[in-house]
Amino acid sequence: MTVFLIAALTADGFIARDPTHTPMSWTSKEDKQFFTQRTKEARVVVMGLNTYKTIGKPLPGRQNIVYAPPGTLLEGVQITQDDPKTLISKLSGEGFQEVAICGGATIYTMFMEAGVIDKLYLTLEPILFGSGIHLFNKELQVNLKLESTKNLSETTVLLEYSVQK
Ligand SMILES: NC(=O)c1ccc[n+]([C@@H]2O[C@H](COP(=O)([O-])OP(=O)(O)OC[C@H]3O[C@@H](n4cnc5c(N)ncnc54)[C@H](OP(=O)(O)O)[C@@H]3O)[C@@H](O)[C@H]2O)c1
């Protein structure tokens, strides 16, 4: 099982201005294409309720799992409160070989703290927010290995890291 985190970052390291701010408004079409292709390969996407609300509907062609309080009703979506290790082992038992962790900061941090992330895909977009929501919202000490860099376009760079465990 490979668990990867996938995010678009401003050049100053933010994923959004505030919890209602959608990446759709500021990320490149190349990043959107990469996100769609890579998450469809994984077949399952995991996100928090705030992120789901910015999208407003399940991502098609993928199993959508959303962290939300018990009793939350979202059509076409599986709600969970599982700890990350439990969720990953359930998905592994269901035959998934990859899981895409799609944010936001709360969910990225919870999965990184649980030590289940193997890989990160970070797209750097040529924009600055100055303040906002960082990729993570707690102190972490994680060493990464840069596996590859790719220009998605003349202005957008994709960084692929593995987590040193
Ligand atoms: N740039 C990018 O690539 C990217 C990617 C994804 C998201 N984002 C942005 O990130 C922002 C959202 O980040 P965020 O940290 O505010 O929110 P989030 O991680 O999307 O969702 C957090 C919410 O999930 C629910 N949740 C978390 N853990 C739970 C658990 N164990 N059990 C039940 N519910 C749980 C909680 O809802 P309750 O508070 O109701 O309990 C919590 O407030 C948005 O602006 C979004 O657009 C950016």
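**Exercise 1. Describe the surroundings of T80.**

Leaving aside neighbours within four places in sequence, T80 is in contact (heavy atoms within 4.5 Å) with I65, V66, Y67, A68 and L87. The model is predicted: local features need pLDDT of at least 70 and side-chain atom pairs count only at pLDDT 80 or more, while totals for chains, interfaces and linings use all residues. Residues are numbered from 1 along each chain as its sequence is written, and side-chain values use heavy atoms, with hydrogens and water left out.

Step 1. T80 belongs to strand β5. Helices (H or I, at least four residues) and strands (E, at least two) are DSSP runs, numbered from the N terminus.

Step 2. Buried means under 20% relative accessible area, exposed means over 50%, and partly exposed lies in between (1.4 Å probe, protein chains only).

Step 3. Look for a polar contact, that is, a pair of N or O atoms within 3.5 Å; within protein, one must be able to donate a hydrogen and the other to accept it, and residues adjacent in sequence count only if both atoms are side-chain atoms. The side chain of T80 reaches the backbone nitrogen of D82 at 3.0 Å.

Step 4. Compare sequence with space. T80 and V46 lie 34 residues apart in sequence, and their C-alpha atoms are 9.6 Å apart.

**Exercise 2. Work out the order of the strands in the sheet and name its edges.**

Step 1. Read the order. The open sheet has 8 strands, arranged β5-β4-β3-β6-β1-β7-β10-β9, with mixed pairing. Two strands pair if DSSP finds at least two bridges between them.

Step 2. Find the edges. β5 (78–80) and β9 (144–151) are the edge strands, each pairing on one side only.

Step 3. Take the parallel pairs. Strand β3 (residues 44–48) and strand β6 (residues 98–101) run parallel and are joined by 2 bridges; V45 has A100 in β6 as its bridge partner. β1 and β7 are also paired in the parallel sense, over 7 bridges, and L5 stands opposite L120 in β7.

Step 4. Take the antiparallel pairs. β7 and β10 pair in the antiparallel sense over 6 bridges. Here L124 stands opposite V157 in β10, and L122 has L159 as its bridge partner in that strand. β9 and β10 are antiparallel too, with 7 bridges; N151 has V157 of β10 as its bridge partner. A hairpin of 5 residues joins β9 to β10.

Step 5. Check how covered these strands are. In β10, 6 of the 7 residues are buried, so the strand is largely enclosed by the rest of the structure. β7 is mostly covered, with 5 of its 7 residues buried.

**Exercise 3. Is T27 buried or exposed, and what does T27 contact?**

Step 1. Locate the residue. T27 lies in the loop between β2 (14–16) and α1.

Step 2. T27 has a relative accessible area of 9%, and so it is buried.

Step 3. List its partners. Apart from neighbours within four places in sequence, T27 is in contact with A8, K32 and E125. The side chain of T27 reaches the backbone oxygen of P23 at 2.9 Å.

**Exercise 4. Describe the chain as a whole.**

Step 1. Count the elements. The chain has 4 helices and 10 strands, running β-β-α-β-α-β-β-α-β-α-β-β-β-β from the N terminus on.

Step 2. Buried residues make up 45% of the 165 residues in the chain.
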